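Please read the following briefing alongside the sequence and the structure shown here.

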Protein chains: 2
Amino acid sequence: MQTVQVEFRADFIDLGVGQPAFSLLPTHVIKQAADHRLSHDAAAYLQYGAEQGDGYFREVLAQFLSDGYGFSVRPDRLFVSSGASQALDLICTLFVPPGAVVCVEEPSYFLALNILADHQLRVVSLPTDGHGLIVDGLEERLAQLHPTMLYLIPAFQNPTGVTLPRERRERLVELSHQYDFLIVADEVYHFLHYDVTPPPSFGAYIDGGHVLALGSFSKILAPGLRLGWVQAEAKLVQRMVLSGLLDSGGGLNPFTSGLVRSVLELDLQWPYLAELRATYQQRIAAMTDALQRYLPDAVYAVPQGGYFFWLRLPDGLDAEALLPRADELKVGYRPGIRFSSQGGLRDYVRLSFAFYDMATLVEGVRRLGQAIDQQRAQA
Amino acid sequence: MQTVQVEFRADFIDLGVGQPAFSLLPTHVIKQAADHRLSHDAAAYLQYGAEQGDGYFREVLAQFLSDGYGFSVRPDRLFVSSGASQALDLICTLFVPPGAVVCVEEPSYFLALNILADHQLRVVSLPTDGHGLIVDGLEERLAQLHPTMLYLIPAFQNPTGVTLPRERRERLVELSHQYDFLIVADEVYHFLHYDVTPPPSFGAYIDGGHVLALGSFSKILAPGLRLGWVQAEAKLVQRMVLSGLLDSGGGLNPFTSGLVRSVLELDLQWPYLAELRATYQQRIAAMTDALQRYLPDAVYAVPQGGYFFWLRLPDGLDAEALLPRADELKVGYRPGIRFSSQGGLRDYVRLSFAFYDMATLVEGVRRLGQAIDQQRAQA
């Protein structure tokens, strides 16, 4: 019987899975929070919730974000979502007419692209480099494309792990005003930084009404809670609050908002996040060592945040063609082509270090190296 | 600070509010379920969930529905939603192209109509009588309108309280095959029956792929959990499972699914529902007495289920025009025109008995009677 999204094969190491390890999920934190919440105002969190999200939760969330971002976040500029995917879905329904052009990074998160497709939007991908979306020459493209929305993952991008520098962020915001499009910044990895702090969240640029910054507790606490937020200017927040979905169903996840209110009020989030960061940092170190040993010719940057290594295979090897052999050796990954809107990036793979412990990651990389060696020997 | 959707004015009795009373919300049940769940496989419910919904939860939900409906419900025909509103929203995104015609009852639930509007659908309302949607003459209208979807509330309708008889249900299902449209049956009140059991849920008619039956724990357990289900044929379930939203975010509410799995497994739902039914039945009796006493000329049927009295005011009084006077006397209601897609039903009001205790309901009706008397005296 299936409870969780991904079913795991015995003895198979799927480095493609971008999910937290079961052992890392904060059962103890949620237990403490549930005990607290269910003995304080529990009934209010079982009722239809305020459309914008619980005021107390938004207050303590704003404080958490202010501390984390280093600039002041206002509770009235926060809208509580049931995760970044749901927020993107709602934004598509309310702000992007069917058939409109949406720009995305090449490569980008393939499941977000599916949400755009379900809304019958026209996706146009824009080139990136080692610092994310290239802003030089972008103006002409925008003038030509008239996008309604630009969807991007500015910090520790999925799949590349790359972070957009401050100057590019500011230039994009300028362009969004000039060419009147919405920037939807999917920042679910923002707080998972290990070595460096990323530039300011797009939440710093919401004034003027062209930016929606999406955050989530999925990567920093627990995906099963389905809880996230949108930071945006008042009129955009108001449009979401007045939508049929919100008006009819009430706020998006009142009960789990109540739980996470307690997590934040009991000051359990920062210590848990510190644990996560330390764990992921160790895993990155182990995986980097393994890559040097078993895939010495692969090209990649060591991730400074997020979940992923983005790796170019040696000799232009085709990552999809390699899959059957990898499968035989009981290792999985995501081929780069899955993240391309243009059928490109065939010699790239995305490897995640979030799901497995260090020893398993090393063994996974060893198997991948073996698969590559066999493939090359045969070529 | 606002936690819940509706803010209440001191000493004001808003008979318009269609929500359960705070005192009725099952804090004790949820506490028991949370203790159980957080000590059994808690981590699995904090992870990204299976897109269709937790298999264990669907198993016990299918059993619950089979017992309640009196026919066998298959777990593989259930899709877990985060409430009926969210299910309707997803159905609009995936199955109804923008600009398509959606038929609804006249009158119908005004907040569902807002969801349809957000998806830029063309709403056409169809006439009803004391037994719900009129099926005589419907065929010509369907041939003319080519609707993609028919949205209806077949049991204890919102606002009228009316229930669609079995023959009309079966005729509609025939017509949906013949004219190739989807029936979306919003059955959130189905289990709130007091005197009579409603005819079979539309879940009995899913074979053939033209029916989606929506249910929810909002009215029978707690709205703040945001948990519901869709019963449909495999290919429709599969389309929802494969949507971008589900693929990206995982199942819709894994954590609260886990809680309600425990509610059902610990056999807490049926006893709680029995309590609710008994309470609502007493309230209906009290309200009926009060209506006889304070609004003797109003025309209505005593509700046999659901949340609402649907009342025709005497002398063709305009319910919206009456609002300021009612407000002065500190009583509220929903004017019928809000439920009309045609600006009609001006002399109707919807009164709910779900939110207040008996004494308060009686006082509310007394105030409403007084407002009407004053209005008539002035006319």
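Chain A is divided into domain 1 (13–26 + 270–378) and domain 2 (28–267), with bounds that come from an automatic or database domain assignment. This is a predicted model, in which local features need pLDDT of at least 70 and side-chain atom pairs count only at pLDDT 80 or more, while totals for chains, interfaces and linings use all residues. Residues are numbered from 1 along each chain as its sequence is written, and chains are lettered from A in the order in which they are written.

**The two domains of chain A**
- The centres of domain 1 and domain 2 of chain A, taken over C-alpha atoms, are separated by 27 Å.
- Contact between them involves 29 residues of domain 1 of chain A and 31 residues of domain 2 of chain A, where two residues are in contact if their C-beta atoms, placed from the backbone, lie within 7 Å.
- On the side of domain 1 of chain A that touches domain 2 of chain A, helix 11 of chain A supplies the largest share, eight residues; helices (H or I, at least four residues) and strands (E, at least two) are DSSP runs, numbered from the N terminus.
- That side of domain 1 of chain A divides into 16 nonpolar, nine polar and four charged residues, with Ala, Val, Leu, Ile, Met, Phe, Trp, Tyr, Cys and Pro counted as nonpolar, Asp, Glu, Lys and Arg as charged, and the others, Gly among them, as polar.

**Helix 1 of chain A**
- Helix 1 of chain A (residues 27–38) has buried residues Val29(A), Ile30(A), Ala33(A), Ala34(A), Arg37(A) and Leu38(A); a residue is buried if 20 or more other C-beta atoms lie within 10 Å of its own, exposed if 12 or fewer, and partly exposed in between.
- Seen down the axis of helix 1 of chain A, these buried residues fall within an arc of 145 degrees, so they line one face of the helix; the arc is that of the directions from the helix axis to the C-beta atoms.
- The cover over them includes elements of both chains, among them helix 10 (254–265) and helix 11 (269–294) of chain A and helix 1 (27–37) of chain B.

**Contact between the chains**
- Chain B and chain A each bring 60 residues to their contact.
- Helix 5 of chain B gives the most to the side of chain B that touches chain A, namely six residues.
- By class, the side of chain B that touches chain A holds 28 nonpolar, 24 polar and eight charged residues.

- Ala319(A), Leu322(A) and Ala326(A) are buried in helix 12 (residues 319–328) of chain A.
- They cover an arc of only 55 degrees around the axis, which puts them on the same side of helix 12 of chain A.
- Ala321(A), Pro324(A) and Glu328(A) are exposed on the other side of helix 12 of chain A.
- The buried residues of helix 12 of chain A are covered by elements including strand 11 and helix 13 (358–378) of chain A.
- Just after helix 12 of chain A, Lys330(A) takes a positive phi of about 65 degrees.
- Val331(A), which lies in strand 11 (residues 331–332) of chain A, is buried, with 24 other C-beta atoms within 10 Å.
- Leaving aside its neighbours within four places in sequence, Val331(A) has contacts that include Ile13(A), Ala326(A) and Leu368(A).
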